[in-house]
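Biologist: I would like to learn how to read the main features of a model like this one. Could we go through them one at a time?

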Amino acid sequence: MIRSLRAFVWLRWRLVLNSVRGGRRRDTFEQVSRALAMAVPFILVALAFGSVVAMAIVGFWGGHAAATGLVATSVVVAVERGVLFGLLLVIVIFAVTSPVQGSLTHYTRLLLLPISRRTLHLVEVLASLADPWIAFLAPGLMLFAVGVSVGGRTIAAIWAAIAASLFLVVLAALAALVGFLVAWLVRDRRRSELFTLVFVLALSLGGFLPLVLAEQSASGRREARRRGEPRQNRTLEELDRMLPAWTRALPSELYGRAVRAGLEDRSVAAGAAVGALAAEAALLFAASSVVHGRLIGSTTVNSRRRQAEGPVAPAWRIPWQSPSVSAVAIAQARTALRSVRGRLVVFLSGPILAVLVFFFRRFEDASFITRLGDNGFILMAVGALMAILSAQAFTMNLFASDRAGLTLQFLLPISDAELARAKILGVGLLVVAATALSAVAAFVVAPGGAPALWVAAFFGVLAIYLLLSPVAVWLSAMFPVAADLSKTGSGGNPHGFAALAGMAGFAAAVALTGGVFAATIWGLERPDLALPVMTGWLLVAAAVAYPLVVLASRAIALRRENLGLVAQGR
Amino acid sequence: MSLAIETRGLRKTFGDLEAVSGIDLAVPRGSFYGFLGPNGAGKSTTIKCLTGLLRPTSGDFRILDLDPIADPVAVKKRVGVVPEDLALFDRLSGAETLSFVGQVHGLDAASLRDRAAELLALMDLSKAAGDLVADYSHGMRKKLALAAALLPAPRLLFLDEPFEGIDAVASRQIKNLLTQYVKGGGTVFLTSHILEIIERLCDYIGVIHKGRMVAEGPMADLREGRAGRSLEEIFLDLIGAEQAETPALGWLAQ
């Protein structure tokens with residue numbers, strides 16, 4: 001068992017090291033590019049380290065304050081319960097998304113090794129303990145117990161330490177159970193992609209729920225004030241009593257009960273809560289073991305996406321473009337739309353926009369909403385800009401994200417300049433589709449504004465995209481990553497540097513174009529000039545972008561070999 | 001003799017690794033050329049250099065009398081390739097892949113429709129034409145890659161291990177098709193580890209070992225003075241593997 005665990009730790013470490021080193025076919029620039037890409041997570045870890053230390057200090061202070069009576073036990077425990085419940089949700093959400101995007105192939109590989117399924121399961125559960133959120137939480141929980149002990153309450157500290165350890169085990173087992181369960185349920189590629197898409201859309205829209213609830217509560221308070229009712233101040237105990245009965249079984253609640261009972265010298269109650277936590281941990285571990293068994297015993301069977309059979313016909317041709325450019329652009333749009341990332345680009349910004357405006361409209365007395373009703377085109381532009389931003393997975397990794405498809409394009413009779421232009425056009429089609437959806441959403445909730453202004457805003461969006469395009473081509477050629485666009489996590493992202501530089505380019509293009517648009521409408525107070533001015537600006541953007549894209553496409557020839565190797569995942 | 005491929009001192013290095021060490025190739029037009037070598041000998045690197053996927057470190061080469069460095073697009077219009085990684089978009093269907101390749105090659109709609117239908121039927125992919133490539137088996141992908149390479153009717157075909165993972169029926173049909181293609185004036189540059197296929201199909205042979213050409217010429221010349229010996233024996237002799245002793249691995253004994 002120990003030997004297997006040691007082998008897995010070594011395996012993970014070697015994989016990290018080798019991903020930086022790469023093969024012998026890597027040139028110096030690619031080595032630097034990989035080091036840069038690896039630097040981003042390290043920087044994030046360094047930044048997160050500060051939060052972990054802060055959490056640990058707060059934990060220690062909280063424990064000490066509760067033990068010495070500086071702060072009421074009920075208050076300290078209530079804060080802990082809240083934080084732990086939040087982290088419980090975060091960990092479950094992460095557990096849901098990550099396995100969906102993995103594959104069963106690594107299980108097949110592991111199953112060939114002479115390791116028992118039980119060991120394999122234990123390794124996977126222990127791997128959940130390395131989850132960054134758990135790592136973020138553990139020092140705070142443990143130092144809370146230390147704080148209680150330093151405050152002179154040794155027995156209470158022991159209860160807190162046991163409860164903290166069990167809570168962490170519950171978290172690891174829960175994360176593993178949810179992860180295995182989702183991976184097993186959506187082991188089919190198409191189902192898993194659909195699940196990811198729906199989950200991300202639901203999560204994005206659900207993000208507004210707290211805002212809606214807060215507004216409902218504020219509106220209730222406003223109503224009560226209007227009726228002249230006195231403000232109600234509820235105690236923590238009263239709030240606790242308002243919670244539904246099932247919440248008492250939550251691990252965060254059990255932890256809170258154990259700590260509070262320990263601090264109040266009620267050993268039997270503390271023991272009961274700790275026992276319940278241990279039972280939950282055992283139950284979750286056993287359940288995860290059963291699901292893990294099912295998961296590794298299953299095989300991936302992909303349901304096929306079958307199109308109507310018929311004669312092979314050429315795809316439609318984009319006006320004013322050669323058949324080659326047209327074919328590559330349409331293949332780009334088509335393949336993107338069949339990926340999770342591509343669908344999110346098109347379908348995410350419109351619905352979010354609609355929900356946002358629907359919610360804002362509830363602020364009856366907000367004057368900016370009245371103005372928004374007259375300026376729906378701004379909403380459309382915001383939705384389109386969100387789409388351009390979320391299209392970074394494509395724009396900042398135009399070539400390597402095609403994987404083996406890039407080799408096919410390199411083998412076909414198409415010049416680098418044409419290839420770059422076609423790629424920009426292909427992603428542009430997605431942006432246009434997303435803008436159209438945003439326009440519909442914006443029109444439904446804020447139909448005001450002259451049609452000319454809507455067209456002007458649309459031209460502004462196109463100008464921003466065009467201004468960004470040479471930067472996109474150059475960065476995609478210089479910093480390629482073999483991304484998997486069915487993944488919403490880091491596996492589908494472009495190179496960290498390309499994403500950062502692309503963001504800066506996007507901000508500059510938005511500032512320039514937005515400046516021209518705003519100066520015309522609000523500066524000069526000539527909305528009637530918006531359409532001619534933005535048409536002119538679009539032409540300027542096209543005139544600037546076209547030669548720059550051709551220039552940037554020289555980087556493809558320069559980095560062709562490397563692009564091919566990276567796209568193949570070498 | 002008119003040459004489809006001609007290289008002089010073709011060399012490709014990756015840092016301090018010399019994958020191809022200045023090879024000279026002369027592949028006659030209308031020949032079925034078998035390019036042999038053990039794993040890591042430099043076969044795929046050579047094909048990648050010749051098809052423009054890798055840029056040679058030094059050396060000259062011409063494909064169908066054209067300079068691929070000066071005019072890569074003109075060369076690609078006349079060449080079909082089935083590379084090592086098969087080069088297919090996972091998220092296009094088989095039919096869409098052929099449509100894409102045909103359109104980039106500038107085929108008109110009628111030719112595209114007719115040729116694609118024939119190729120799909122030949123490769124037994126007609127029923128799966130609407131499925132995404134991501135859902136294809138390895139053999140189906142290989143057949144689709146071959147169909148895509150043949151679609152624009154190239155004058156020269158580079159095939160990197162085309163028979164690996166293909167069933168016996170399709171393999172036989174493809175062999176017949178390639179033989180007819182060569183009879184019609186086309187040139188095939190083929191790598192394969194299945195020496196029986198090379199022996200049966202190829203009339204010219206090139207053997208590469210550790211990045212260097214150790215033999216090249218018509219199959220008949222290669223056999224001269226080696227009567228009664230199979231291609232496998234000749235090949236092993238050429239790369240010096242015949243004398244190599246197989247380690248005993250005594251610990252394998254039960």
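Biologist: Which residue in the turn between strand 8 and strand 9 of chain B has a positive phi?

Modeller: Strands (E, at least two residues) and helices (H or I, at least four) are DSSP runs, numbered from the N terminus. Two strands pair if DSSP finds at least two bridges between them. Here strand 8 and strand 9 of chain B make a hairpin with two residues between them, and Lys210(B) in the turn has a positive phi of about 50°. Residues are numbered from 1 along each chain as its sequence is written, while chains are lettered from A and ligands numbered from 1 in the order in which they are written. This is a predicted model, in which local features need pLDDT of at least 70 and side-chain atom pairs count only at pLDDT 80 or more, whereas totals for chains, interfaces and linings use all residues.

Biologist: In what sense do strand 8 and strand 9 of chain B pair, and over how many bridges?

Modeller: The pairing of strand 8 (residues 204–209) with strand 9 of chain B is antiparallel, over six bridges. Ile205(B) stands opposite Gly217(B) in strand 9, and Pro218(B) is the bridge partner of Tyr204(B).

Biologist: In what sense does strand 8 pair with strand 3 of chain B?

Modeller: Strand 3 and strand 8 of chain B pair in the parallel sense, over four bridges.

Biologist: Why is strand 8 of chain B described as largely enclosed?

Modeller: A residue is buried if 20 or more other C-beta atoms lie within 10 Å of its own, exposed if 12 or fewer, and partly exposed in between, with C-beta atoms placed from the backbone. Five of the six residues of strand 8 of chain B are buried, so the rest of the structure largely encloses this strand. Over chain B as a whole, buried residues make up 46% of the 254 residues.

Biologist: Which strands of chain B pair with strand 1?

Modeller: Eight bridges join strand 1 (residues 3–14) of chain B to the antiparallel strand 2 (residues 17–28), and Glu6(B) stands opposite Ala26(B). Their hairpin has two residues between the strands, where Gly15(B) takes a positive phi near 60°. Strand 1 of chain B also pairs with strand 4 (residues 58–63), antiparallel over five bridges, and Arg11(B) faces Ser58(B) there.

Biologist: How many helices and strands are there in chain B?

Modeller: Chain B has nine helices and nine strands. Its C-alpha atoms fill a box of roughly 55 × 55 × 40 Å along the principal axes.

Biologist: How many residues of chain A are in contact with chain B?

Modeller: 39 residues of chain A are in contact with 43 residues of chain B. Helix 13 (323–337), helix 19 (404–411) and helix 24 (554–567) of chain A each supply at least two residues to the side of chain A that touches chain B. Helix 13 of chain A gives the most, with seven residues.

Notes: Two residues are in contact if their C-beta atoms, placed from the backbone, lie within 7 Å.
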